Amino acid sequence: MTEKPKNITIVGAGMWGTALGVLASHHHHHVRLWSRRCPENLASVIVDADVILSAVSMGGVTPIIKQLQDLNLPKKAIIVTATKGLDPATTLTPSRLWQSAFPDYPVVVLSGPNLSKEIQQNLPAATAVASTDLTAAETIQVIFATEKFRVYVNSDPLGTELGGTLKNVVAIAAGVCDGLHLGTNAKAALLTRALPEIIRVGTYLGAEKETFFGLSGLGDLLATCNSPLSRNYQVGYGLAQGKTLEEILAHLEGTAEGINTTNVLVQIATEQNLYVPIATQVYRLLRGEISPLTAVKSLMERDLKSE
Ligand SMILES: NC(=O)C1=CN([C@@H]2O[C@H](COP(=O)(O)OP(=O)(O)OC[C@H]3O[C@@H](n4cnc5c(N)ncnc54)[C@H](OP(=O)(O)O)[C@@H]3O)[C@@H](O)[C@H]2O)C=CC1
Ligand SMILES: O=C(CO)COP(=O)(O)O
């Protein structure tokens, strides 16, 4: 429990920002939920903020950072980022964008197996908050922890963020796998082989390997790849049913970050010569270059190797 209610401003009033707002209000904090559609201006909702939490989708991160740079952030504020994406302009993660824009402020990543619809139903869940500033991470831990939402701290923000981001690419593949009714063995093989692919990229970018075995890595991989609530899973499932990406997106509730993340990930992998076979097939599928069945065939027919 916190000793004193804090002022928490959540930027991004989509599905995740709204669910996080409900969690933060459990301990009687003053929660202000803001989006670009709100009548108030951003300056008025960050006045006196102890915490500024960004839950905008990737496309909104740079525009929001630019707006905030023109304002005076309260000196004591902690910045929290809950976005799971990669910036197409720089290939950086949101926390890196936030930290370079606000070098004097602590930045905390919040990420875990957290399907917002389950959180809104008050079902039990756990997440990770990660920062190089452990005091800031612990402050955020206490603010968001409830008897139904268990919050763990770690000191690897990049790994925490990349786990939640890169699994979205795999969730598209998992949706394809289920949409094609390939069976439980195939799904287990896909998710198990996806983990070293995520770790290969994540550790290359500077994350710690162990983080990917935690809630924000393996945990979120399992949640997202096994749930029809996941928008990324829904994209893959729809493609397997023969729908076009445009048709799927026209009916999708919220953002499927995995589409943009696949593009940025394949760009990074190509430039840095990283082996990402699953992401490569998802990339070709999203671009309409191959069918779901061809993607599966290509993965199965690669050269044999050791595990
Ligand atoms: N939903 C979930 O279960 C979870 C989602 N996440 C992550 O959280 C992020 C948000 O997801 P979610 O809430 O579901 O997505 P939504 O699509 O529901 O909401 C996205 C939010 O971002 C805002 N936004 C988008 N582009 C811009 C922009 N250019 N400028 C300002 N604001 C912008 C939207 O504003 P507007 O409404 O005005 O368009 C909206 O408030 C994603 O990165 C997602 O991966 C993480 C964990 C769980
Ligand atoms: O990140 C999520 C669950 O942890 C939400 O997944 P989707 O964005 O695919 O819905």
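**Entry 1: where ligand 1 sits**

I began with ligand 1: domain 1 (7-155) and domain 2 (158-300) both give residues to the shell around ligand 1, so ligand 1 lies between them. The domain bounds come from an automatic or database domain assignment. A note to myself before going on: this is a predicted model, where local features need pLDDT of at least 70, side-chain atom pairs count only at pLDDT 80 or more, and totals for chains, interfaces and linings use all residues. Residues are numbered from 1 along each chain as its sequence is written, while chains are lettered from A and ligands numbered from 1 in the order in which they are written.

How many residues surround ligand 1? I found 27, and the closest are Gly14, Trp16, Gly60, Ser116 and Gly254. (A residue is near a molecule or strand if its C-beta atom, placed from the backbone, lies within 6 Å of it.) Helix 1 (15-24) and helix 3 (58-69) are the elements that give two or more residues to this shell. Helix 3 gives the most, with 5 residues. (Helices are DSSP runs of H or I with at least four residues, strands are runs of E with at least two, and both are numbered from the N terminus.)

I also sorted the shell around ligand 1 by class, and got 10 nonpolar, 13 polar and 4 charged residues. (Ala, Val, Leu, Ile, Met, Phe, Trp, Tyr, Cys and Pro count as nonpolar, Asp, Glu, Lys and Arg as charged, and the others, Gly among them, as polar.)

**Entry 2: ligand 2**

Next I turned to ligand 2, which 14 residues surround; Asn114, Thr224, Ser230, Arg231 and Asn232 are the closest. Helix 7 (157-179), helix 9 (215-225) and helix 10 (231-240) each give two or more residues to this shell. Domain 1 and domain 2 each supply at least three residues to the shell around ligand 2. Its classes come to 4 nonpolar, 6 polar and 4 charged residues.

I then checked the UniProt record: its unreviewed entry lists Lys84, Arg231 and Asn232 under "binding site". These three span 149 residues in sequence, yet no two of their C-alpha atoms are more than 12.6 Å apart, so they gather at one spot. (UniProt positions are given in the numbering used here, feature names are shortened, and annotations may be inferred rather than shown by experiment.) I placed Arg231 in helix 10.

**Entry 3: the sheet**

In what order do the 7 strands of the open sheet run? I read 2-1-3-4-5-6-7, with mixed pairing. (Two strands pair if DSSP finds at least two bridges between them.) Strand 2 (30-34) and strand 7 (149-154) stand at the edges, each with a single partner strand, so one side of each has no neighbour in the sheet. From one strand to the next, the twist averages 20°.

Looking at one pair, I saw that strand 1 (7-11) and strand 2 run parallel and are joined by 5 bridges. Asn7 has His30 as its bridge partner in strand 2.

Last, I looked at the two domains together. Their centres, taken over C-alpha atoms, are 24 Å apart. The contact takes 25 residues from domain 1 and 29 residues from domain 2. (Two residues are in contact if their C-beta atoms, placed from the backbone, lie within 7 Å.) On the domain 1 side, helix 4 (94-101), strand 5 (107-111), helix 5 (116-120), strand 6 (125-130) and strand 7 each give two or more residues. Strand 6 gives the most to that side, with 4 residues.

Key
Axes are lines fitted to C-alpha atoms, for helices over the stretch in contact, and angles run from 0 to 180 degrees between N-to-C directions.
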